[in-house]
Amino acid sequence: MAQYHITLNDELLHGLFTRDEGLAKLLEQVLNQILEAQVEEQLGARRYERTEERKGYRNGSYPRQLTTRVGRLTLRVPRTRDGEFSTELFQRYQRSEQALVLALMEMVVNGVSTRKITQITEELCGTSFSKSTVSSLCKGLDPMIQDWNDRSLHEHVYPFVLVDAIYTKVREDGRVRSRAVLIATGVNEEGYREILGLQIGNSESESSWSEFFGWLKDRGLRGVDLIISDQHGGLVQAIEKHFQGATWQRCQTHFIRNILDAAPKYMQDALLEEIRGILHAPNKQAARLLLEQVLAKWEEKAPKAMQILEEGFEDATAVLDYPDRYRRRLRTTNGVERLNEEIRRRERVIRIFPNRESVYRLVGAVLIEIDEKWMSGRKYLDMSEYWQWRKTKEQEARSVNQEVSEMKRVG
């Protein structure tokens, strides 16, 4: 990742605190310096520098306007004589910005916003918008998000998959309705995280999750060994239907919450420590021994909580069958919860989306940016130990099958 050194003068810093447009001017200067650094990097030389490594020459600059939440910026985009200077600055910066701005614009254009929302839109964007402006921006943003969301998944296998849903409000048929945004993330065979896709469902019913999983599989999702999710009835049934042979890990964060909600408040802190002891046991055998002790100790004082613990034990400790180094990151859906927080941060500005397309646009733009960071960053997991563990398990299974076959033949 490129490193940029930004310089700011005293006048600009003073204006940041004393003028309404100070933040816009600050951002404008920072982005202009980034463009200058990029052209220097591509040419291999600074302005007026004589060097044998120079790859070309400058040819002035041209103005480019960028609409942001802090106002409209005017940037100086460098030109080169061969016309080969290029930057991803605008696409990368404006993707989620455009999605957010578009959602606000649509609220105004469709006549569903209040006077306050209209004022917010103009304050955030520095201008008012027409239907033609909305349509023009959508034509550039929507196909890119759809292409990403429908991309093929055949290139990788995904041993670990996490799924979750976030609810948002959408205006449909003249009414405001709650809709579930279903999101799946995966860890591929190389250990990198990817956002596999999103889909809007009417609810978290089995049919909605089945449609989502079927769509992922049609795009090439394969090799799933462990699925981590909350214990929603429709979701679990859909997992059993579409991923036969895969292990389901019940999110331990949600599991603990369910248990504590069913226990008297005064004993929740003590009970929490003992439940964590079970879930963090070194193996299933040790976990079962601790389970028996906890049940015997608390069964009379918190019978409902102990029933939830006993019934959910196997699913909540499925991860203990896997090598220790993978358990911490595969025992909960916390990774997906952080995605949800990023979405919520933008969604709070909108509150009620004008249509489903607007949801896809904003959530998709946010997820694309996060997905790019994941795929260009460090590996999420070192998968070498997992593949060796899988190989050993498969060899043990073949040996057992051979023994059974031999016994049947002799018998």
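Strand 3 runs parallel to strand 6, the two being joined by three bridges; strands here are DSSP E runs of at least two residues and helices are H or I runs of at least four, numbered from the N terminus, and two strands pair if DSSP finds at least two bridges between them. This is a predicted model, where local features need pLDDT of at least 70 and side-chain atom pairs count only at pLDDT 80 or more, while totals for chains, interfaces and linings use all residues. Residues are numbered from 1 along each chain as its sequence is written, and side-chain values use heavy atoms, with hydrogens and water left out.

Within the pairing with strand 6, Phe160 has Leu226 as its bridge partner. On strand 4 (residues 175–187), strand 3 pairs in the antiparallel sense over 13 bridges, with Thr168 partnered by Arg179. Two residues separate these strands in a hairpin, and Asp173 in the turn has a positive phi of about 55°. Strand 3 is also mostly covered, with 10 of its 13 residues buried (under 20% relative accessible area, 1.4 Å probe, protein chains only).

Strand 3 turns up again in what covers the buried residues of helix 7, along with helix 6, strand 6 and strand 7. Those buried residues are Gly234, Leu235, Val236, Ala238, Ile239 and His242.

Further along, the largest nonpolar core has 24 residues; such a core is a set of buried Ala, Val, Leu, Ile, Met, Phe, Trp, Tyr and Cys residues joined through side-chain atoms within 4.5 Å. Helices 8, 9, 10 and 11 each supply at least two residues of this core.

Notes. Buried means under 20% relative accessible area, exposed over 50%, partly exposed in between (1.4 Å probe, protein chains only). Contact means heavy atoms within 4.5 Å.
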